[in-house]
Amino acid sequence: MQISSVNDVKIYNLSHGKSLPEWLSDRKKRALQNKDVDIQRRIELIQDFEMPTVCTSIKVSRDGQFILAAGTYKPRIRCYDTYQLSLKFERCLDSDVVAFDILSDDYSKLVFLHCNRYVEFHSQHGHYYKTRIPKFGRDFAYHYPSCDLYFVGASSEIFRLNLEQGRFLNSLQTDAVEHNVCDINPVHQLLASGTAEGKVECWDPRVRSRVGMLDCALSSVTEGTEVEGLPSVSALKFNGSLTMAVGTSTGQVLIYDLRSSRPLLVKDHYYGLPIKSVNFQDHLDLVLTADSKIIKIWNKDTGKVFSSIEPQTNINDALGPAPRWCSFLDNLTEELEESPESTVYDDYKFVTRKDLENLGLSHLVGSSLLRAYMHGFFMDIRLYHKVKTMANPFAYEEYRKDKIRQKIEESRAQRVQIKKLPKVNKELALKLMEEGDDEAELSARKKKGKALPSILSDERFQVMFENPDYQVEEQSEEFRLLNPIVSKVGQKRRKKLRLLAKQATDAENEEEEPEGRGSSDESSDDDKSWVDEVREQRRLIYEEGRDRRRQERKQKQGQQPRFFQIKAGEEFRSFGDVARKQKLQKASLEERLKLEERSGTVNVADTAVGSKQLTFTLKKVSHDDTIT
């Protein structure tokens, strides 16, 4: 049993704890119950109060003696006797049950609405009669004064089946496209139907006419409410003659007074899931509303939350407060306390096919020793341990050696530690070690000081010293430009640490700052030094880039062939003449003048006024030559 407290209200989960696998026979289950203490301590109010897979709906007879539950798989109905606290009978059905109702005070008259449009009637001995409705049904209600069954579903009509006459009567024509739920007021027999458009239509069975309509979709959207799509009616319940609760598909519950078209209260579950069940608890003026995730218990007048229940599995239906037959729970809850329970299938080990191959148990697949489950198998935990020991007989020796190795490493940790540099970023690690030693020394000198954790010991930065992709490239431009700044900051930091250490050791005899250059001059000199260093690095990077580009250009020129054009009338002497002409074009004016003067093309002479006189001798071009 598990105990939880929500809003100072204790909630006892009686079904919490160790459960038995379904594949075990009754004999083995009884044997385990006799041996296992955890199973013996489990509280089981009603014997076999469960379904093989899932329970879809549950109801209690009017006399309170019988509980009927519908579930799957296979589709079935189970009846439990609360006087005997045991299963009375179980009947299997042909298809899944959408809804069912108890027509008598006990279990002798039952009606089932199936998913394939069939309506099945059961008597005390079993199946009695089966008929079919025109459209797929979703819910139905029984009108006791007229013996009429009202069916709603994927149709705009509300079908009527009279059990006294044994035939269908004229259906009720509505304005809705589809209907989801319906309910009949037990006081004045008003029929209410919830539509897919978010409206509630009220009908008087005596005159078979509609007497009112409520727009719940518009009223459910209040300030701060976020909905996705049109809210449809998913649950409906009357309380007394004037109160009605409406649950929507978007998770809101509206409390109405039938004399008003506006809701008295709107309660939001804040999960956005359809409301599946609504029940009233008149003794404490509480409302129990459930969606697939949570059951909320709150005051019907103020909406204040009384408590809530959030199980681990999805919720399909909710009964309400505990009946009289389990009044002895008061004595149990006072004596029992919360205790840790074993997990499900604690006596079995889940193994995959790969585990079976490693253990050499692949030949057991299909035998009674392995039970298939999901992507593997369940096997007895004792068999698993025995095979594990045989497959690896030296497991204990390896465990013992590991423990001895750990003890030796712990004893070595108390000795003098030799600093080992990592394989990646050794220089950075060495720098961090030196800074960490300085900080540790400073913190040791202070009485209340505490050293900060180092980056080397931090797991978040461990990859930086293991993965080669994080290696710092010291020849990159970014590093060379940032290194002067970082190194200067590191020098300042170490200088400050030494100064603080000196102040800590000699706190009584503090020396004033010497006259001359103040700290501001020193800092300005430091700033100037790293600025000059950054400029020098920029110049070196620019020159290296220029040399690299020049080298690449030469390589390209050496790889590609060079073509020269020979003009008509000129003799080809050598490639040196072409190269010399190109060099002459790139030369300065002074160099070209000197070359022309040597060749006799230009004659430079001084004049009387101190100026220069140039005489050019042009080459004669014959008319027969063609210039291109």
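## Close-up views of selected residues

**Figure 1. Cysteine 216 is a buried residue.** Its relative accessibility is 0%, and cysteine 216 therefore counts as buried, since buried means under 20% relative accessible area. The model shown here, and in every figure that follows, is predicted. A disulfide is a covalent bond between the sulfur atoms of two cysteines. How many disulfides does the structure hold? The number is 0. Cysteine 216 accordingly takes part in no disulfide, and the nearest cysteine sulfur, which belongs to cysteine 202, is 9.0 Å away. A disulfide requires the two sulfur atoms to be within 2.5 Å. Cysteine 79 is likewise buried, because its relative accessible area is 0%.

**Figure 2. Lysine 130 and aspartate 94 form a salt bridge.** Side chains of opposite charge can pair when their charged atoms come close. In this view, the side chains of lysine 130 and aspartate 94 meet at a distance of 3.1 Å, taken from N to O. Aspartate 94, at 68% relative accessibility, counts as exposed. The structure holds 14 salt bridges, one of which is the pair drawn here.

**Figure 3. Serine 95 is placed in the loop between β6 and β7.** This loop runs between strand β6 (86-92) and strand β7 (97-102). The relative accessible area of serine 95 is 11%, so the residue is buried. Serine 95 and cysteine 115 are 20 residues apart in sequence, and their C-alpha atoms are 6.7 Å apart.

**Figure 4. Arginine 405 and aspartate 402 pair within helix α7.** The closest N and O atoms of this salt bridge are 2.7 Å apart. Where do the two residues lie in relation to each other? They are 3 residues apart in helix α7 (residues 395-413), which means that about one helical turn separates them. Arginine 405 has a relative accessible area of 44% and is partly exposed. Aspartate 402 is also partly exposed, with a relative accessible area of 35%.

Figure 5. In the salt bridge between aspartate 380 and arginine 382, the closest N and O atoms are 3.1 Å apart. Arginine 382 counts as exposed because its relative accessibility is 62%. Which residues are linked in a network of salt bridges? The network consists of Arg76, Arg78 and Glu90.

**Figure 6. A patch of positive charge is found on the surface.** The residues gathered in this patch are Arg546, Arg548, Arg549, Arg550, Arg553 and Lys554. Arginine 546 is located in helix α10, which covers residues 519-559. The relative accessibility of arginine 546 is 36%, and the residue therefore counts as partly exposed.

Figure 7. Where is tyrosine 73 located? Tyrosine 73 is in the loop between β4 (66-72) and β5 (76-81). Lysine 74 is found in the loop between β4 and β5 as well.

**Figure 8. Arginine 117 and glutamine 189 have positive phi angles.** Phi is about 75° at arginine 117, although this residue is not a glycine. Arginine 117 is in the loop between β8 (110-114) and β9 (118-122). Glutamine 189 is not a glycine either, and its phi is positive at about 60°. Glutamine 189 is in the loop between β15 (179-184) and β16 (191-195).

**Figure 9. Glutamate 120 is a buried residue of strand β9.** Its place is in strand β9, and its relative accessible area is 5%, so glutamate 120 is buried. Glutamate 120 and phenylalanine 100 are 20 residues apart in sequence, with a distance of 9.4 Å in space from C-alpha to C-alpha.

Terms used: Residues are numbered from 1 along each chain as its sequence is written. This is a predicted model: local features need pLDDT of at least 70, side-chain atom pairs count only at pLDDT 80 or more; totals for chains, interfaces and linings use all residues. Side-chain values use heavy atoms; hydrogens and water are left out. Buried means under 20% relative accessible area, exposed over 50%, partly exposed in between (1.4 Å probe, protein chains only). Patches are made of residues with over 30% relative accessible area and no salt bridge: like charges are joined within 9 Å, nonpolar side chains (Val, Leu, Ile, Met, Phe, Trp, Tyr) within 5 Å. Accessible areas come from the Shrake-Rupley method with a 1.4 Å probe; for residues, only the protein chains shown count as cover. A salt bridge is a side-chain nitrogen of Lys or Arg within 4 Å of a carboxyl oxygen of Asp or Glu. Lys and Arg count as positive and Asp and Glu as negative; His and the chain ends are not counted. The place of a charge is taken as NZ of Lys, CZ of Arg, CG of Asp or CD of Glu. Helices (H or I, at least four residues) and strands (E, at least two) are DSSP runs, numbered from the N terminus.
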